[in-house]
Amino acid sequence: MVGYAFMGAAHSQAWRTVNRVYDLPARARMALICGRDAGKVADAADRLGWEAHTTNWRDLIARDDIDVVDVCTPGDSHAEIALAALAAGKHVLCEKPLANTVTEARAMAAAAATAQAAGVRSMCGFNYRRVPAVTMMRQLVADGRLGVIRHVRATYLQDWIVDPQFPLVWRLQRDKAGSGALGDIGAHIIDLTQFVTGQRITGVSAITETFVKERPLPAGSSGLAATVDGAGPVDGHGAVDGHGPATGTVTVDDAAVFVARLDGGSLATYEASRFATGRKNALRVEINGSLGTVAFDLERLNELEFYDATRPAAEQGFTRILVTEGEHPYMSAWWPPGHIIGYEHSFTHQMRDFIEAVATGADPTPSFADALQVQLVLDAVTRSAELGSSWTEVEPALATVAA
Ligand SMILES: NC(=O)c1ccc[n+]([C@@H]2O[C@H](COP(=O)([O-])OP(=O)(O)OC[C@H]3O[C@@H](n4cnc5c(N)ncnc54)[C@H](O)[C@@H]3O)[C@@H](O)[C@H]2O)c1
């Protein structure tokens with residue numbers, strides 16, 4: 001694994017747990033973890049359960065006994081690490097968004113396609129697909145229970161940078177993060193809605209805004225290159241304790257709002273913001289079809305709201321389904337019905353599916369090609385916003401991979 005902070009911890013929890021919960025054809029051994037600060041990565045290895053640690057990610061690539069590389073770094077290093085790992089025949093799990101640019105994502109998808117021919121697997125970490133209620137939403141749509149999908153409504157709202165004194169961490173720097181709320185949380189709802197509906201976004205009209213354009217540099221940093229290493233405890237957003245007197249320019253969006261068309265004929269709205277005061281990690285999706293509606297709220301992730309319009313009129317109404325039964329996706333390995341699960345389980349489910357695919361010679365999803373398509377949507381949103389919200393078509397992913 002490369003990176004040991006927020007996602008490093010979440011993925012480590014999943015690697016530690018997955019074989020104890022699921023009966024799988026292969027067992028994960030947590031061999032080597034990489035970070036840039038020697039002392040901190042040593043502590044992380046000890047705390048998170050890794051056998052060894054290094055400050056050079058190329059050590060992972062060089063070792064013959066390492067089969068899988070898990071990329072949990074900011075987007076500016078995804079392409080370099082993933083490309084080197086695939087070229088060395090390592091299976092790769094890479095955090096989202098796949099890359100910082102379409103060019104990088106295109107190279108990664110092409111490398112993944114080449115590696116696939118040699119039996120090397122790759123997957124992007126859109127973990128919310130593996131929340132059982134979200135997987136169930138997809139099944140309801142695929143089984144025709146919603147009929148023809150007309151509307152997709154998705155929001156992903158946070159508020160961790162409402163304070164203008166919040167420091168200029170890597171997530172607020174385009175060269176590190178690629179984009180702001182759009183790529184960080186907007187990417188999740190783009191992937192999730194396309195996964196659930198089985199439809200792809202074909203075009204968008206967008207507005208984006210950076211509400212606070214200058215922010216203090218993090219304490220202990222000498223410039224914009226400051227990241228969490230050596231700069232204090234993280235808070236889950238790559239944030240640090242305190243800031244210094246100098247300021248720097250925010251180079252990403254604070255919020256992105258767009259309308260979209262999907263290739264199955266649905267109209268969609270998306271909102272991703274880090275300025276939704278009071279909303280901490282509010283991911284909500286509602287899908288309206290000719291025969292019904294489903295709605296999901298991450299803050300109540302064990303539940304699904306389902307309106308079945310085929311029931312007799314007198315019995316119609318939203319049903320709250322508690323997605324904890326053994327027959328619900330992923331749930332048979334956990335607890336008795338009604339004993340709920342949480343955020344971290346989505347990562348354990350992600351590792352389950354990844355290990356199973358690698359061990360059985362199948363291709364895990366979302367593939368790098370799927371994640372490239374998300375990147376193309378992000379790119380279309382950015383271009384539309386730059387062009388005064390003009391309608392912007394999303395380039396087809398397959399054509400891009402082949403190019
Ligand atoms: N799936 C999700 O729900 C989810 C949630 C948060 C973040 N993410 C994604 O995970 C990735 C990491 O985000 P995070 O929140 O964990 O960030 P973070 O700031 O908490 O951690 C980043 C880690 O990467 C390490 N790092 C950075 N550059 C490195 C390099 N060149 N070599 C070795 N280590 C390096 C840092 O030392 C740190 O340990 C991003 O792509 C982000 O978008 C996904």
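Which glycine, with a positive phi, follows H10? The residue is glycine 388, whose phi lies near 65°. The structure examined here is a predicted model, in which local features require pLDDT of at least 70, side-chain atom pairs count only at pLDDT 80 or more, and totals for chains, interfaces and linings use all residues. Residues are numbered from 1 along each chain as its sequence is written, and side-chain values use heavy atoms, with hydrogens and water left out.

Helices (H or I, at least four residues) and strands (E, at least two) are DSSP runs numbered from the N terminus. Helix H10 covers residues 368-386 and contains 19 residues. From first C-alpha to last, H10 reaches 27 Å, close to the 27 Å expected at 1.5 Å a residue; the expected span is 1.5 Å times one less than the number of residues. At the start of H10, a side-chain oxygen of serine 367 comes to within 3.2 Å of the backbone nitrogen of alanine 369. Such a polar contact is a pair of N or O atoms within 3.5 Å; within protein, one must be able to donate a hydrogen and the other to accept it, and residues adjacent in sequence count only if both atoms are side-chain atoms.

Helix H2 (residues 38-48) has Val41, Ala44, Ala45 and Leu48 as its buried residues. Seen down the axis of H2, these buried residues fall within an arc of 100°, so they line one face of the helix. The arc is that of the directions from the helix axis to the C-beta atoms. Asp43, Asp46 and Arg47 are exposed on the other side of H2. Here buried means under 20% relative accessible area, exposed over 50%, and partly exposed in between, with a 1.4 Å probe and protein chains only. The cover over the buried residues of H2 includes helix H1 (6-21), strand E1 (32-34) and strand E2 (52-54), where contact means heavy atoms within 4.5 Å. The N-terminal end of H2 is capped by aspartate 37, a side-chain oxygen of which lies 3.1 Å from the backbone nitrogen of glycine 39. Glycine 49, with a positive phi near 95°, follows H2.

Side chains of opposite charge can pair when their charged atoms come close. A salt bridge is a side-chain nitrogen of Lys or Arg within 4 Å of a carboxyl oxygen of Asp or Glu, and the whole structure holds 23 salt bridges. One of them joins aspartate 184 and lysine 96 at 3.1 Å, N to O. Aspartate 184 lies in helix H8 (residues 181-197) and lysine 96 in the loop between strand E4 (91-94) and helix H5 (102-117), so the pair ties together parts that are 88 residues apart in sequence. Aspartate 184 is buried at 12% relative accessibility, and lysine 96 is buried at 11%.

Arginine 106 and glutamate 395 form a further salt bridge, with the closest N and O atoms 3.8 Å apart. This pair links distant parts of the chain, with arginine 106 in helix H5 and glutamate 395 in the loop between strand E16 (392-393) and helix H11 (397-402), 289 residues apart. Salt bridges that share partners join Arg29, Glu51, Arg63 and Asp65 into one network.
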